[in-house]
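Dear colleague,

Please find below the structure that I am handing over to you. I would be grateful if you could read the notes that follow alongside it.

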Amino acid sequence: MTTDQSAPGGSRPTSRESWAAGGPTLDDTKADDTDPTTGRDAAGETGASAADPDAPDQSGGPDSLPSSAGNDAPHDGSDIPSRSRGADAPRNGTSNDRAVPDKAAGKEDEGDKAAGSDEGGEDRDASGAGGNRDAVPAKGDRWAAFGPAPAPVPTWYGRWGRRLGRLLIHEWTLAAVASLALAVLMTWPTLRYPSHTLPQDYWDPSLQAWQMAWSGHILLTDPAQLWHANAFFPARWSFAFSDTLLGYAPAGMIGSGPEHAILRYNIMFVLAHALATFGAYVLARQLGAGRIGSAVAGVAYTYAPWLLAQAGHLHVVSNGGIPLALAMLARGHGWSLRHGYRPERRHEGWVYAGWLVAAWQLSLGFGIGLPFAYVLAGTVLVAVAIWFAKRIIWRLRRPFGSRLFVANLIGGLIFAGVGILLAIPYFTVAQLHPHAERTIGDIAVFSPPASGFVTAPAESLLWGGLHEGARSILPWHPEMTLLPGFVLYALAAGGLFFSIWTVRQRLLLLAGVLVAMILSMGTEFLGGRYTYVPLFDHLPGWSGIRTPGRLMLWATLLLGLLAAGAVSAYAQRVREISAERIPSWPSPWLRLATLVPLLLVIAEGTNATPHPVVPRQPAAMRSVDGPLLVLPSGQNNDQPVMLWSTSRFQDVVNGGSGFTPRQLADVRRVTMAFPDQTSVDYLRTLGVREVLVLRGRIAGTPWEVSVDAPVDGLGITREEIDGVVVFRL
């Protein structure tokens with residue numbers, strides 16, 4: 001018998017002799033772990049390298065399919081054990097001349113019997129897999145001691161430890177931890193005194209802290225009353241007077257009282273920044289950008305200077321679900337910007353996850369969620385149109401699959417259902433309070449001019465002081481300072497000429513940036529006749545968006561993707577240079593140079609946001625049952641009152657939102673002379689039982705004198721508790 005001496009571990013039969021014996025040919029000895037039905041190998045990876053998700057996918061090609069020679073080869077029914085892949089290697093550490101049966105003598109070696117098929121008929125490989133892993137060499141084999149030791153069988157806790165270790169060093173784990181650490185740093189000092197201060201001011205943040213507390217409280221006690229909040233008494237549907245942050249309701253179920261509400265707000269404020277960074281990073285990676293480029297996109301999207309002016313609006317800062325949902329949907333459909341459509345990478349589980357995250361983002365508020373819903377709807381329509389155009393016109397048939405179709409159908413219905421259920425209370429409010437509906441004139445008040453795109457808010461540490469003069473000429477600068485960052489502008493401009501994206505993709509990204517910026521200008525661009533006004537007039541719910549400048553969020557995301565393309569190309573060039581060097585390792589300065597764009601974006605996003613102390617809850621708020629009215633009443637005064645009510649959630653007439661109900665306006669007007677007979681009778685008609693007058697806030701108001709006026713004949717009592725005068729009606 002001729003033997004092949006190139007095989008490790010000794011000689012083995014040649015292909016001619018193997019074929020004569022009914023065994024597999026040499027081609028069959030090459031292990032092939034690829035599943036031809038799924039395109040995945042034994043490790044669960046696709047044809048692309050698991051270490052480099054950007055590597056071109058080689059699965060599904062001819063080379064990836066298993067060889068059929070061994071399967072179709074005739075078998076003569078001899079007693080030679082059937083061999084799986086790698087079966088030509090010596091078994092149990094013995095040499096090959098013992099592994100081949102002596103057919104002339106009609107004998108079978110005992111070692112071959114031990115290494116052959118087990119009782120269930122399962123083939124064994126060279127290491128004895130599928131049977132006794134600790135197989136003992138045959139007796140009398142004096143060379144067995146020189147063979148490799150059998151692989152140790154890992155314990156269950158060893159396997160779990162390795163899995164945990166791989167999880168801890170996974171790219172997504174590291175990206176999430178880095179996003180959280182950066183959020184704590186970039187929002188500092190939010191977590192310095194998290195139970196006593198709020199970022200930017202204590203007006204709108206107090207309202208949003210109350211919203212989270214109310215949703216958590218009422219869902220645990222009486223879910224049917226969710227939309228009929230304790231504020232704005234006796235108005236109904238008052239929880240829909242502004243964006244609700246309903247998606248944060250689970251957090252609202254933890255803790256009670258104003259201090260816990262403030263702490264909860266600050267924690268969610270930091271987590272919202274972390275999620276936005278992580279979501280944009282994941283989206284850029286899914287589209288094909290490198291790690292450093294994706295980090296630039298994530299940081300630029302989250303800490304753009306214009307967003308620093310929105311620090312008091314948690315529903316605007318909470319935008320991380322947008323890029324994360326887009327990344328999940330792209331991943332589930334096997335699509336990326338750099339590699340196009342790869343059907344072998346489809347996974348319906350990611351599609352379900354993407355739609356659920358999108359629905360959760362919508363539940364945080366329509367101010368950001370409604371444009372996102374229309375972008376998703378437009379993306380679906382364009383994708384379907386392109387799909388059928390290629391299938392019908394170009395006769396290009398690409399697999400999609402019924403399971404993926406069902407996942408999109410169910411996920412889309414869930415998203416639409418959540419949107420409809422959330423929209424019903426808002427349409428009801430619009431019917432009950434027609435004066436709350438905004439006009440195009442209201443939009444014009446908040447429409448920023450073109451100069452806003454190069455003007456930073458006062459909260460920007462780097463540019464705030466330098467742009468003070470430019471802000472002074474803006475009619476409403478908190479919503480008109482829309483600078484996404486000069487560094488981001490420069491990187492995106494460079495990405496138009498030097499990028500991993502194709503020229504067509506760069507032009508499409510640029511077109512998206514221009515469209516988003518034009519819409520962000522509202523009525524300032526050509527009066528909005530051909531841009532914003534058609535959306536305002538024809539898209540359901542679009543008239544509820546008061547500040548068009550917040551659409552700058554989409555321009556920032558697209559600018560970040562352009563910048564990611566440039567930075568990724570730069571980092572790729574550095575790797576190429578390092579490969580040409582001897583030794584193949586770039587100098588420390590060259591490696592650090594790839595981090596410069598990221599560091600510049602972080603530096604431009606540093607904040608100078610004030611963190612005022614929230615007014616302390618009056619002790620009287622914890623002792624009265626309500627319904628009650630707290631004076632003085634006004635938009636900014638009432639929002640802390642809503643926060644104070646989180647101890648007992650008693651009904652309060654006070655309330656602050658995007659509009660003022662007529663009844664609350666009447667209460668504020670009638671009670672200017674309180675306590676008098678007219679105001680007392682009016683409040684009794686509404687069902688109010690207590691009126692609290694805050695002595696510390698009535699200086700210069702009519703109550704400064706009337707609070708101590710005689711109440712004889714009014715049928716009310718007066719009591720002072722810790723600087724608060726309590727009138728019981």
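This is a predicted model: local features need pLDDT of at least 70, side-chain atom pairs count only at pLDDT 80 or more; totals for chains, interfaces and linings use all residues.

Four strands make up an open sheet with mixed pairing, and their order is β5-β6-β8-β7. The edge positions belong to β5 (628-631) and β7 (717-721); each has a single partner strand, so one side of each is left without a neighbour in the sheet. On average, and with direction ignored, neighbouring strands of this sheet are turned by 20° against each other. Strands β6 (residues 690-694) and β8 (residues 724-728) run antiparallel and are joined by five bridges. Within this pairing, valine 691 has phenylalanine 727 of β8 opposite it.

Aromatic pairs

Across the whole structure, a search finds 22 aromatic pairs. One of these is the edge-to-face pair of tryptophan 172 and tyrosine 281, with 6.2 Å centre to centre and 80° between the planes. The pair connects distant parts of the chain, given that tryptophan 172 belongs to helix α6 (residues 171-186) and tyrosine 281 to helix α9 (residues 258-287), 109 residues apart. Tyrosine 281, at a relative accessible area of 9%, is buried.

A further edge-to-face pair is formed by tryptophan 227 and tyrosine 426, at 6.3 Å centre to centre and with 75° between the planes. Tryptophan 227 lies in the loop between α7 (204-221) and α8 (249-252), whereas tyrosine 426 is in helix α16 (residues 402-432), so this pair ties together parts that are 199 residues apart in sequence. With a relative accessible area of 15%, tryptophan 227 is buried. Tyrosine 426 counts as partly exposed, its relative accessibility being 21%. Both residues also belong to one aromatic cluster, which is formed by Trp210, Trp227, Phe239, Phe366 and Tyr426.

Charges over rings

Arginine 163 has its charged end over the ring of tryptophan 160, 5.2 Å from the ring centre. In the other contact, the charged end of arginine 546 is placed over the ring of phenylalanine 446, and the distance to the ring centre is 5.1 Å.

Yours sincerely

Notes. Residues are numbered from 1 along each chain as its sequence is written. Side-chain values use heavy atoms; hydrogens and water are left out. Two strands pair if DSSP finds at least two bridges between them. Helices (H or I, at least four residues) and strands (E, at least two) are DSSP runs, numbered from the N terminus. Axes are lines fitted to C-alpha atoms, for helices over the stretch in contact, and angles run from 0 to 180 degrees between N-to-C directions. Rings of Phe, Tyr and Trp (its six-membered ring) pair if their centres lie within 6.5 Å; planes under 30 degrees apart count as stacked, over 60 as edge-to-face and the rest as tilted. Buried means under 20% relative accessible area, exposed over 50%, partly exposed in between (1.4 Å probe, protein chains only). A charge sits over a ring if NZ of Lys or CZ of Arg is within 6 Å of the ring centre and within 35 degrees of the ring normal.
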